[in-house]
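This briefing covers a single chain, and the sequence and structure are shown next. The points after the lead sentences are grouped by topic.

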Amino acid sequence: MLPGGGPAGNSLAGQCANVAVVFDFSRYMNKLGLIDPAAKTRARRTWHRPRRLRDAAEVHHLTYGPDPATHSRCTLGGMIGNNSCGAHGLMAGKVVDNIESLDLVLYDGTRMTVGRTSPAELKALIHGGGRVGQIYADLAKLRDRYSSLILEKYPRIPGASRLQPG
């Protein structure tokens, strides 16, 4: 693991943030992907350093806003796992505000793409069944059970994404 927030699933000091086995592929998964200045997006490959993404984006007069203090050493995968923000979080949002979708491979080999999901899409995914349907059903249950408590207790942070009760 990398000091200061390496692969997804570890925290600021490099320690695992959960009970897990963390594989660090940052040595191999380090290609930046294409930046589309018109759409203001970057294609895939999340394991490189955010500093490289910011440098490449600045050529197009763009930036990647989330910038934790460890941005020269951390990876975007670790930033996703921690929903990092940094000093520019108020201006440009946290990681969750800067991700359109993620292609995932789960521990059991299930592949899925996740991102903002409309109520109709959520219903279709749940009704589709299988592993993906069960994951979405379980997430919907968690949302329905705890969203009002989170909305009540979580501090109002400027620019923060808001939960939408089900």
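T110 is buried, with a relative accessible area of 15%; buried means under 20% relative accessible area, exposed over 50% and partly exposed in between, with a 1.4 Å probe and protein chains only. The model is predicted, so local features need pLDDT of at least 70 and side-chain atom pairs count only at pLDDT 80 or more, while totals for chains, interfaces and linings use all residues. Residues are numbered from 1 along each chain as its sequence is written, and side-chain values use heavy atoms, with hydrogens and water left out.

**Chain overview**

- The chain has five helices and four strands; helices (H or I, at least four residues) and strands (E, at least two) are DSSP runs, numbered from the N terminus.
- Read from the N terminus, the order of elements is β-β-α-α-α-β-β-α-α.
- The chain has 166 residues, of which 28% count as buried.
- Among contacts in the chain with a separation of 6 or more, 29% come from residues 24 or more positions apart; contact means heavy atoms within 4.5 Å.

**T110 and the β3–β4 loop**

- T110 sits in the loop between β3 (101–105) and β4 (111–115).
- Apart from neighbours within four places in sequence, T110 contacts L104, V105, R131 and V132.
- T110 and G130 are 20 residues apart along the chain, and their C-alpha atoms are separated by 9.9 Å.

**Helices α4 and α5**

- Two packed helices are described by the angle between their axes and the distance between the axes.
- The axes of α4 (residues 119–127) and α5 (residues 130–153) come within 7 Å and cross at roughly 130 degrees; axes are lines fitted to C-alpha atoms, for helices over the stretch in contact, and angles run from 0 to 180 degrees between N-to-C directions.
- α4 and α5 are therefore oblique to each other, given that angles under 35 degrees count as roughly parallel, over 145 as roughly antiparallel, 65 to 115 as roughly perpendicular and the rest as oblique.
- The crossing of α4 past α5 is left-handed, meaning that the near helix is turned anticlockwise from the far one by less than a right angle.
- On the α4 side the contact is made by L122, L125 and I126, and on the α5 side by V132, G133, Y136, A137, A140 and R143.
- By class, this contact of α4 with α5 has seven nonpolar residues, one polar and one charged; Ala, Val, Leu, Ile, Met, Phe, Trp, Tyr, Cys and Pro count as nonpolar, Asp, Glu, Lys and Arg as charged, and the others, Gly among them, as polar.

**Helix α1**

- P50, L53, R54 and A57 are the buried residues of α1 (residues 50–58).
- These residues cover an arc of only 95 degrees around the axis, which puts them on the same side of α1; the arc is that of the directions from the helix axis to the C-beta atoms.

**The α1–α2 loop**

- P68 lies in the loop between α1 and α2 (76–82) and is buried, with a relative accessible area of 14%.
- Leaving aside neighbours within four places in sequence, P68 is in contact with C74, M79, S84, C85 and G86.
- H61 is found in the loop between α1 and α2 and is exposed, with a relative accessible area of 75%.
- Most residues other than glycine have a negative phi.
- H61 is not a glycine, yet has a positive phi of about 60 degrees.

**The β1–β2 loop**

- A38 lies in the loop between β1 (35–36) and β2 (41–42) and is exposed, at a relative accessible area of 76%.
- A38 and H60 are 22 residues apart in sequence and 9.3 Å apart in space, C-alpha to C-alpha.
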